[in-house]
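User: I am new to this structure and would like a short tour. Could you take me through its elements one at a time?
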Amino acid sequence: MMDFQVVVLAGGFSKKLVPLVSKEVPKALLPVANRPVLSYVLELLEQSNLKDLIVVVEGEDAALLVGGWISGAFVDRLHVEVAAVPEDIGTAGALRAIAHHLTAKDILVVSGDLVSDVPPGAVAAAHRRHNAVVTAMLCSAPVSGPAESGSSVVKDKTKKAGRYNLIGLDHSKQFLLYIATGAELEKDLRIQKSILRAVGEMEIRADLIDAHLYAFKRTVLQEILDQKDTFQSLKEDLLPYLVRSQLVVGEVNHLSGYSFSSHHNIINPSVKLGSKTTVGPHCMLGEGSQMGDKCSIKRSVIGRHCRIGSNVKIFNSIVMNHVTIGDGCSIHGSVICSNVQLQERVVLKDCQVGAGFVVIAGGEYKGESLAKKEK
């Protein structure tokens, strides 16, 4: 790991994630399985003995929040410099903004929302072994679960061209020879003859995704960032530009780090369940939460210290911390942020509810974002 610098691109107050993000909760601190998503990649780097990090955050306010959380959660464990960069400059723009801090022979760049069990050290070692200009980790596209749990909103979105990648691999599946993403997929597929002549054959795949973990040769990275000042995205601009010398590292699995019960769920010992309340497989219930009688929870995550009434149904949803849910509510395919109050008989389907919002009794919503108006 000598001569490697690590850059974690942690985002900021992403407009695409409103109302899940707020002035108090930037993207990097959104919970996944009741832990801030950034904690997964920081622990993964720590396990690979990569402890000297630059965490790049968009916006000064978000950087202060992320830096404060890291200082408390990883005190005496990691050496982290939090660098604030302007908002909406893209992943390549973020690297360009901190390029003067990069001095090592090779740079490991990882997204702050990566949840993986592939050691970053394995990517770094492969990068060195092949003396590569860039090394990228690809993995199988995730499967979202059984058909009956999918929502019409999600299905419609996945039909859009920008959701897919076309990736060309050599016969050993080790070298990335072609990549097209986003709007490029609406064009004809054109492959350079020189590539085919060099490798003999190429396999085109549509079932792989970019995991946003890269190793770059620093001199090449900085030269491209300087020369190509219009490049904003690593995935859509810079990676295709370097497509001839990239390494594929295998699939990722076993992500959460938790030990599941025999029923394939995780229920904190302090959780209180009412009479005839059922918790199905693939659920997580956080510390101090309470549920009334005749509730049904399936394929969902419930955060800490939630108060859930009787006859509540929660399916394929995420409920964050300190949420109050009244009797008779039905929640399907939705995300409920912290400190939300749902009064009695609220019905939500495919909704997002921002932090601190109150949903009035009897309200029925489908495919909506509910949030407080910013002052």
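User: What does helix α2 reach from its first C-alpha to its last?
Analyst: Helix α2 (residues 60-73) has 14 residues and reaches 20 Å, close to the 20 Å expected at 1.5 Å a residue. The expected span is 1.5 Å times one less than the number of residues. Helices (H or I, at least four residues) and strands (E, at least two) are DSSP runs, numbered from the N terminus.

User: Where does the model come from, and how are residues numbered?
Analyst: This is a predicted model, in which local features need pLDDT of at least 70 and side-chain atom pairs count only at pLDDT 80 or more, while totals for chains, interfaces and linings use all residues. Residues are numbered from 1 along each chain as its sequence is written, and side-chain values use heavy atoms, with hydrogens and water left out.

User: Back to α2: which residues are buried?
Analyst: Ala62, Ala63, Val66, Gly67 and Ile70 are buried in α2. Seen down the helix axis, the buried residues fall within an arc of 125 degrees, so they line one face of α2. That arc is taken from the directions from the helix axis to the C-beta atoms. Buried means under 20% relative accessible area, exposed over 50%, and partly exposed in between (1.4 Å probe, protein chains only).

User: And which are exposed on the other side?
Analyst: Asp61, Leu64, Ser71 and Gly72 are exposed there.

User: What do the buried residues of α2 pack against?
Analyst: They pack against α1 (37-47), β4 (52-58) and β5 (79-85), where contact means heavy atoms within 4.5 Å.

User: New topic: is strand β9 enclosed or open, and why?
Analyst: Strand β9 (residues 175-181) is largely enclosed by the rest of the structure, because six of its seven residues are buried. Leu176 lies in β9 and counts as buried because its relative accessibility is 1%.

User: How many bridges join β8 to β9?
Analyst: Five bridges join strand β8 (residues 165-169) to β9, and the two run antiparallel. Two strands pair if DSSP finds at least two bridges between them. Leu169 has Leu176 in β9 as its bridge partner. The hairpin has five residues between the strands, and Lys173 takes a positive phi near 60 degrees there.

User: Which strands form the open sheet?
Analyst: Six strands form an open sheet in the order β15-β18-β21-β24-β27-β30, with parallel pairing. β15 (278-279) and β30 (364-366) stand at the edges, each with a single partner strand, so one side of each is left without a neighbour in the sheet.

User: What joins β15 to β18?
Analyst: Two bridges join β15 to strand β18 (residues 296-298), and these strands run parallel. Val279 stands opposite Ile297 in β18.
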